[in-house]
Amino acid sequence: MTANISYEINNKDPEDKKRFIRRMFDSIVPTYDLLNHVLSFGADIFWRKNIFRHINEIKGSPAIDICCGTGDLSLLLYKKGAKVVSLDFSLNMLKKGMTKNALRGQSVSADACLMPFKSNTFTLATIAFGIRNLPDIDNFIQDVFRVLAPGGQLGILELVRPKNKIIGKIHSYYLGAILPLVGGVVSGRMLAYRYLAKTINTFVDQSDLKIMLERYGFKRVVFYPQTFGVATIVVCEKEAL
Ligand SMILES: C[S@@+](CC[C@H](N)C(=O)[O-])C[C@H]1O[C@@H](n2cnc3c(N)ncnc32)[C@H](O)[C@@H]1O
């Protein structure tokens with residue numbers, strides 16, 4: 001099992017990685033929500049809500065929640081009055097989101113990097129804890145830029161490495177020892193939680209992410225660090241015509 005996982009992670013083909021990632025998320029659905037709250041000490045709930053402090057009013061406008069998982073952010077968008085589309089490639093995640101009544105708009109099973117929507121469709125696109133799971137971030141940025149309407153915004157929430165050295169040491173220990181242990185014991189999927197911790201360590205630097213977003217046309221890229229810098233909200237725009 002370990003050999004298989006390390007093969008999948010190190011494999012250079014993004015499609016192979018995606019198959020591995022989809023199967024992994026399919027397998028952790030039963031305890032996914034609980035572990036999110038436990039492992040972040042409940043902060044994930046506030047971080048998702050904080051996105052709305054930094055984006056434009058969304059009432060009545062089309063919004064897409066990409067990598068929606070079980071739909072916690074989709075539900076917030078719905079409650080803010082957006083016309084929500086929720087997209088994820090894990091069918092088990094989408095099913096759980098429907099069962100708990102979080103996915104109240106259209107739900108779509110598709111790859112975040114090849115979205116089945118016309119160009120210039122959405123006023124807002126969000127992605128919470130999803131972007132670091134994409135092996136081909138460039139494709140994602142290009143596709144999300146394409147589906148956003150001119151003047152539309154992209155809101156990213158992601159777990160990152162804190163810049164402060166002392167917090168960074170505590171964070172590393174937490175990611176290396178505590179998160180896989182607690183996640184593994186509760187979910188029965190230790191390797192999945194080891195993998196998820198590893199993706200935080202290997203995710204692109206924030207400065208590189210900014211460069212990538214700008215390279216594909218996004219303007220006004222602003223970072224809003226959350227809780228000692230262990231998470232960040234990024235908001236950027238597709239220029240209005
Ligand atoms: C950590 S979960 C985040 C779920 C949710 N946004 C939240 O706030 O809890 C990441 C989600 O991204 C989805 N995902 C990962 N890669 C994807 C891809 N290439 N296309 C679509 N969904 C993807 C997974 O299936 C999983 O549901």
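Two strands pair if DSSP finds at least two bridges between them. Helices (H or I, at least four residues) and strands (E, at least two) are DSSP runs, numbered from the N terminus.

The model is predicted: local features need pLDDT of at least 70, side-chain atom pairs count only at pLDDT 80 or more, and totals for chains, interfaces and linings use all residues. Residues are numbered from 1 along each chain as its sequence is written, and side-chain values use heavy atoms, with hydrogens and water left out.

**The sheet**

Strands β1 (residues 62-66) and β2 (residues 83-88) run parallel and are joined by five bridges. Within this pair, Ile-66 stands opposite Leu-87 of β2. Both strands belong to an open sheet of seven strands, ordered β3-β2-β1-β4-β5-β7-β6, with mixed pairing. The edge strands, each pairing on one side only, are β3 (106-109) and β6 (218-226). From one strand to the next the twist averages 15°.

Axes are lines fitted to C-alpha atoms, for helices over the stretch in contact, and angles run from 0 to 180 degrees between N-to-C directions.

| Helix | Strands touched | Angle of directions |
|---|---|---|
| α5 (residues 91-99) | β2, β3 | about 165° with β3 |
| α9 | β5 (148-159), β6, β7 (231-238) | about 155° with β6 |

**The helix pair**

Helix α9 (residues 206-215) also packs with helix α6 (residues 137-147), at an angle of about 45° and with the axes 9 Å apart. The contact involves Ile-137, Asp-138 and Ile-141 of α6, together with Met-212, Leu-213 and Arg-215 of α9.

Methods: Contact means heavy atoms within 4.5 Å.
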